[in-house]
Amino acid sequence: MHSMPIRTMQFGIDADEVKKDHLRNYVEYGISMTFPHLEPYLIRAMRVAIKDISDEKLAQDAKQFCGQEAQHYKQHAKLNDMIREISPKNSGLQEIEEQMAADYKRFLATKPLKFNLAYAEGFEAATSAMALTYLHNGVFDIENPTEFQRLFAWHLTEELEHRTVTFDVYDHLYGDYFYRLFVGIYAQWHFFRYVDRFAKLIKDNDPQPQGQRVTFVQELMIKCAWYGRVLRTYLPWYNPKNLKIPKSHNRHSREFSEQALDEREA
Ligand SMILES: [Fe+2]
Ligand SMILES: [Fe+2]
């Protein structure tokens with residue numbers, strides 16, 4: 001089997017739990033809301049790029065990337081339906097979703113492939129940094145994870161599996177460091193601004209405004225570790241294939257393969 005297998009997963013996320021835990025999870029909910037818009041955009045850009053890839057292995061990796069991303073946004077779309085149901089005021093999410101979808105439609109229609117691939121790599125570099133931060137903090141190793149936590153652990157495990165693909169495709173077709181750097185930073189600003197807007201709306205529409213997500217110090221430590229890893233992706237010698245991946249990553253990959261309903265190659 002390919003090292004980036006396309007797993008069909010099943011998560012039994014409970015809508016009542018999504019509602020109950022939303023003050024704890026509103027940032028993750030904000031991230032989840034973006035995926036049915038972002039990931040189809042990444043796939044469409046990659047499908048255009050595949051036609052120009054002359055390296056057979058890289059072309060296959062790109063197909064596996066598309067297959068994994070397609071599974072991700074389908075699973076997140078189910079969660080997002082539950083997030084919309086948390087509060088009637090969450091109908092406001094639709095307006096933000098429409099703006100995000102319009103942005104990606106415009107990028108595909110008006111921007112060169114080089115831009116769309118550099119955007120994709122900007123996002124993927126930040127996601128790999130996030131997945132590594134979680135791995136190092138043992139977030140995927142908690143005992144008896146909820147189905148919601150399993151969904152994120154599976155998604156980030158696969159993000160690490162395919163961490164080299166957008167970098168390698170961009171490098172294969174263009175290899176222009178400064179363009180990738182600037183578009184990548186723009187991509188991170190563009191994407192996380194939407195995450196922030198979704199998360200704020202979900203938090204502010206809290207039907208029971210009480211409790212606290214994590215302590216200020218915990219949040220600061222996680223953010224510093226993640227930002228530090230993102231900053232390292234801006235260096236000219238950054239290459240995701242050289243990232244030090246904790247051994248636990250292989251175990252998570254194996255476990256998710258065992259749990260998958262189906263696993264295939266593109
Ligand atoms: Fe993904
Ligand atoms: Fe990805």
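This briefing describes an iron site and the salt bridges of the structure shown above. The model is predicted. The iron ion (ligand 2) is held by glutamate and histidine donors, and Glu69 bridges this ion and the iron ion (ligand 1). A search of the whole structure finds 14 salt bridges, of which several are described below.

**The iron site**

- The iron ion (ligand 2) is coordinated by OE atoms of Glu69, Glu124 and Glu159 and by NE2 of His162, at distances of 2.0 to 2.7 Å.
- The angles among the six donor atoms run from 53 to 146 degrees, and the site is classed as irregular. Six donors count as octahedral if opposite donors are over 155 degrees apart and all others between 65 and 115.
- Along the chain, the donors of the iron ion (ligand 2) are spaced as E-x54-E-x34-E-x2-H. Glu69 in helix H3 (residues 56-84) and His162 in the loop between helix H6 (147-161) and helix H7 (165-173) are 93 residues apart, and the pair links distant parts of the chain.
- Glu69 counts as buried because its relative accessibility is 0%. His162 is likewise buried, at 0% relative accessibility.
- The iron ion (ligand 2) and the iron ion (ligand 1), bridged by Glu69, lie 3.9 Å apart.

**Salt bridges within a helix**

- Side chains of opposite charge can pair when their charged atoms come close.
- Glu17 and Lys20 form a salt bridge, with an N to O distance of 4.0 Å. The two residues are three apart in helix H1 (residues 15-20), which means that about one helical turn separates them. Glu17 is partly exposed at 34% relative accessibility, whereas Lys20 is exposed, with a relative accessible area of 58%.
- Asp61 and Lys57 form another salt bridge, their closest N and O atoms being 2.9 Å apart. They stand four residues apart in helix H3, so the separation is about one helical turn. Asp61 is buried, with a relative accessible area of 5%, whereas Lys57 is exposed at 57%.

- Glu97 pairs with Arg84 in a salt bridge whose closest N and O atoms are 3.1 Å apart. Because Glu97 belongs to helix H4 (residues 93-110) and Arg84 to helix H3, the pair ties together parts that are 13 residues apart in sequence. Glu97 is buried, with a relative accessible area of 10%, and Arg84 is partly exposed at 29% relative accessibility.
- A network of salt bridges links Arg7, Glu158, Glu161 and Glu263.

How values were computed:
Residues are numbered from 1 along each chain as its sequence is written. Chains are lettered from A and ligands numbered from 1 in the order in which they are written. This is a predicted model: local features need pLDDT of at least 70, side-chain atom pairs count only at pLDDT 80 or more; totals for chains, interfaces and linings use all residues. Side-chain values use heavy atoms; hydrogens and water are left out. Donors are N, O and S atoms within 2.8 Å of the metal (3.2 Å for Na, K and Ca); water is not among the atoms, so sites may look incomplete. Four donors count as tetrahedral if all angles lie between 85 and 135 degrees; four count as square planar and six as octahedral if opposite donors are over 155 degrees apart and all others between 65 and 115; anything else is irregular. Buried means under 20% relative accessible area, exposed over 50%, partly exposed in between (1.4 Å probe, protein chains only). A salt bridge is a side-chain nitrogen of Lys or Arg within 4 Å of a carboxyl oxygen of Asp or Glu.
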